[in-house]
Amino acid sequence: MNEPRPDPDVLLARVQQDDADARRGKLKIFFGASAGVGKTCAMLSAAQAARAQGLDAVVGLVETHGRADTQALAGGLEHLPLRDVVHRDRALKEFDLDAALARHPGLLLVDELAHTNASGSRHPKRWQDIDELLDAGIDVWTTLNVQHLDSLNDVVGGITGIRVWETVPDKVLDEADEVVIVDLPPDDLLQRLKEGKVYLPDQAEQAVRHFFRKGNLIALRELALRRTADRVDDDMLQYRQRSHTVQPVWSVRDALLACVGPGEHGEKTVRATARLAAQLNAPWHAVYVETPALQRLNDTRRQGILRALKVAQDLGATTATLAGDDAAPSLVKYARDHNLSRVVLGRNQARRRWPWRRPLADRIGALGDDLDLVTIALPAANRDPAAPNQTSDTSEVPWRGHVFSAAICGGTALLAAPLTSVLDLANIVMLFLLAVVVVAVRQGRGPAVLAAFLSVGLFDFFFVTPRFSFVVRDAQYLLTFGVMLGVALLIGQLTARLTYQAKVAQRREDRMRALYEMSRDLSGALLVEQVAEIGARFLSTEFSARSALLVADDHGQLQPSPTPQALPDHAPELNLAIAQWSFNQGEAAGHGTDTLSASPVLYLPLSAPMRLRGVLAVQARDPARLAVPEQRRLLDTCASLLAMSLERLHYINVAQTTTVQMESERLRNALLAAVSHDLRTPLALVVGLSESLLMARPPLQGPAVETAQALGDAARRMNTLVGNLLDMARLQSGNTPLNLQWQPLEEVIGSALQATRATLGARALQVDLPDDLPFVHIDAVLIERVLVNLLENIAKYTPPDTPVELRARIHEGQLELQVDDHGPGLPKGREELIFDKFERGGHQESALPGVGLGLAICRAIAQAHGGSIHGHTRDDGGARFILRLPQGTPPPLHQPDPETTLHE
């Protein structure tokens with residue numbers, strides 16, 4: 001048997017993918033149902049064996065959790081040093097990605113794939129670190145529990161009652177080069193817990209009560225085994241698709257193929273297959289093969305086919321429409337390509353139109369002896385009272401094609417009749433064969449068959465003696481007639497088949513060319529309006545549809561894009577409520593769906609790799625086109641390209657904005673440092689000279705004293721501003737070390753009030769501090785600076801006779817310090833902007849001294865302490881600033897530091 005010729009494009013894509021895979025490292029995942037099944041031990045044991053064979057195996061990070069047996073397995077392997085990270089006043093040890101890239105071992109062990117990295121790391125998730133290692137060509141082994149898979153997270157949460165927040169996208173597991181299942185029966189795992197081989201004894205007792213119940217472990221074990229089986233099934237299918245030597249179906253797993261025919265009972269076949277698939281817990285596909293004979297079906301029967309495919313898709317099937325000359329070879333090839341072991345098709349008792357043509361089931365059985373056939377009993381069409389009268393449906397018979405066939409054959413006879421004295425009979429036969437070819441090219445298979453019979457009859461009647469009679473005197477002409485009829489039928493069939501295949505190939509090429517041109521145009525689009533115009537042009541050309549692109553803003557609200565100028569009157573009848581529902585739910589809505597199907601517009605969510613980017617609204621002039629599976633997949637591909645383009649534009653804008661901000665910060669900090677250093681020395685000189693003038697002998701008199709005092713005050717204010725500039729530059733650079741000590745907050749507040757006594761003037765101060773306020777771990781000088789800046793800000797922007805309130809409390813593990821005034825409050829909408837550098841609130845600020853750095857310094861100091869500061873306008877008027885600092889755990893008072901005691 002001749003093997004089919006592989007597609008050159010597929011081979012080229014496969015070579016390119018193999019080349020990319022060769023440069024990329026290999027990922028091996030040790031996969032288990034839960035913690036404690038032995039994933040890390042299995043990984044370390046395999047690494048020791050690989051090391052013994054000469055492989056450069058290095059431990060990047062392994063979580064032993066204090067278990068001696070795990071630590072023993074890691075012995076002898078090189079360990080990369082971990083990097084120190086301070087997170088919320090805690091010193092953490094994290095995997096050092098840069099050290100691993102610099103070391104570039106042959107094999108790297110990185111435990112706990114789902115781990116979330118500490119704040120400040122290059123990637124938020126460890127699986128992203130591993131992805132970068134793989135891109136660098138480093139092989140990585142890692143571990144993963146089933147509850148950390150993103151698609152199973154809610155399922156596991158429903159089983160165990162515990163929501164796992166650290167998740168990994170399923171594509172990481174699916175794209176891994178090797179997955180090793182590490183399994184342990186629940187009873188053995190519970191015994192390991194009791195023996196302290198999984199957690200410490202106090203942790204193990206709590207784990208058994210909550211997560212590690214036997215029922216939970218059984219369910220998790222089933223999920224892990226099923227997910228691994230799905231992964232292996234995908235690997236097997238990919239191998240079959242890549243291998244041209246494997247043809248028969250491998251019945252390693254039940255999988256069904258439902259054959260949807262042109263009859264009116266296609267839905268019964270689909271529903272029966274769905275019930276059988278549910279009983280077997282097996283995947284299934286539903287396929288319709290469109291042959292040349294079925295191209296001219298009437299709209300009623302075509303809609304029935306589309307309705308059956310839609311029912312199959314709703315019931316969970318993978319649907320497809322195939323093109324072929326014969327349904328049997330197409331179905332067998334599809335079943336083998338997708339490793340579907342059982343073919344389900346309908347069977348009725350109606351008499352076949354052509355008695356010599358074998359039923360479809362027999363032809364499938366002859367071509368695919370590796371396939372199991374399941375037939376569903378269907379009622380005969382003429383016995384179904386609800387079925388339409390097929391004999392009276394004249395639209396199904398291609399009368400025009402047959403009339404064209406008869407006209408061409410008759411015209412050929414009339415053309416050849418005057419030439420009988422010039423042409424031999426063999427040449428006249430060639431004319432009739434040419435007529436058959438013309439009919440086959442223009443009208444297809446059926447009219448070509450009619451043309452073959454008419455050609456033989458007309459040739460006999462008009463050109464074979466005795467003419468104008470069907471009597472044949474010479475028996476040799478019977479052979480001529482037979483050969484002529486056979487050749488005409490063969491030429492007609494081959495020509496019709498090639499014409500049909502050429503049309504199908506042309507349609508596919510047109511679709512691929514349109515998608516290529518669309519993707520090429522989208523790659524150069526720089527504005528959302530350009531993306532909308534490109535999508536609208538594609539949908540107008542391919543679907544004769546009006547469309548609109550609705551892009552989501554930062555708050556998840558859809559905003560319609562402008563109608564493209566190149567396509568006037570192209571906006572569909574939008575319903576923003578339906579579009580917003582489609583975006584929020586991530587599901588298609590509107591025409592042809594199960595949600596608000598009365599709407600004439602189809603709304604498709606634009607799902608990009610990171611998140612939803614908007615909704616595509618499509619209103620086709622012929623809605624039936626969107627129901628065809630191939631057309632719907634083409635539409636989904638268009639939506640996917642638009643979504644990725646919108647996401648690309650989003651990240652381009654983010655990158656540009658970030659670059660501008662980084663350059664602005666760099667220039668601003670350089671300016672701060674330069675100006676502050678250049679001004680500090682002359683300012684100090686001016687302050688010293690003003691004080692010298694006041695102490696001069698003989699003393700100054702009258703206006704000279706006032707001038708010297710004003711000069712000194714102005715120089716000190718300028719010196720304060722320069723100090724703020726220097727502090728801001730140091731804080732932004734991160735080079736300011738914190739002198740953290742356990743301090744009583746009362747002393748810091750007292751120092752700040754003493755320093756601002758002259759600034760506050762006659763304002764009434766109300767301080768409310770609880771008696772049991774604990775010590776806080778702060779840099780007292782910097783926190784005093786925060787309070788001084790806040791109080792000076794109040795003195796600057798509030799009337800001189802308004803009070804100031806200051807109170808503190810412990811709330812949710814944090815120290816909250818509130819500073820309230822009774823002034824005009826904060827500018828509406830600028831509550832956060834006033835904490836930026838050089839931002840000053842209010843319209844009267846130009847008459848007030850300052851450069852807008854006080855609150856920026858407050859926020860920088862708060863963040864350096866791991867806290868935060870915010871401001872808002874109170875309901876009863878006035879501004880409130882809230883400083884939050886981590887409470888921490890102060891040392892016991894009854895255990896003083898010995899060195900401090902000796903010093904005292």
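Modeller: Happy to! Thr70 counts as buried because its relative accessibility is 0% (buried means under 20% relative accessible area, exposed over 50%, partly exposed in between, with a 1.4 Å probe and protein chains only). Please keep in mind that this is a predicted model, where local features need pLDDT of at least 70 and side-chain atom pairs count only at pLDDT 80 or more, while totals for chains, interfaces and linings use all residues. Residues are numbered from 1 along each chain as its sequence is written, and side-chain values use heavy atoms, with hydrogens and water left out.

Thr70 lies in helix H3, residues 68-73 (helices are DSSP runs of H or I with at least four residues, strands are runs of E with at least two, numbered from the N terminus). Leaving aside residues up to four places away in sequence, Thr70 touches Thr40, Cys41, Leu44 and Thr64; contact means heavy atoms within 4.5 Å.

Five strands make up an open, mixed sheet in the order S20-S22-S23-S25-S24, where two strands pair if DSSP finds at least two bridges between them. Strands S20 (765-768) and S24 (868-873) are at the edges with a single partner strand each, so one side of each has no neighbour in the sheet. On average, neighbouring strands are turned by 15 degrees against each other, direction ignored. Strands S23 (residues 814-821) and S25 (residues 879-886) pair in the antiparallel sense over seven bridges, and Val819 stands opposite Phe881 in S25.

Two helices pack on this sheet. Helix H23 (residues 745-755) touches S20, S22 (804-811) and S23, its direction making about 25 degrees with that of S23. Helix H25 (residues 780-797) touches S22, S23, S24 and S25, at about 20 degrees to S23. Axes are lines fitted to C-alpha atoms, for helices over the stretch in contact, and angles run from 0 to 180 degrees between N-to-C directions.

Within S23 sits Glu816, which counts as buried because its relative accessibility is 3%. Glu816 and Leu883 are 67 residues apart in sequence, yet 5.7 Å apart in space, C-alpha to C-alpha. Beyond four places in sequence, the residues Glu816 touches include Arg807, His811 and Ile882. The side chain of Glu816 also makes a polar contact with that of Arg884, at 3.0 Å (a pair of N or O atoms within 3.5 Å; within protein, one must be able to donate a hydrogen and the other to accept it, and residues adjacent in sequence count only if both atoms are side-chain atoms).
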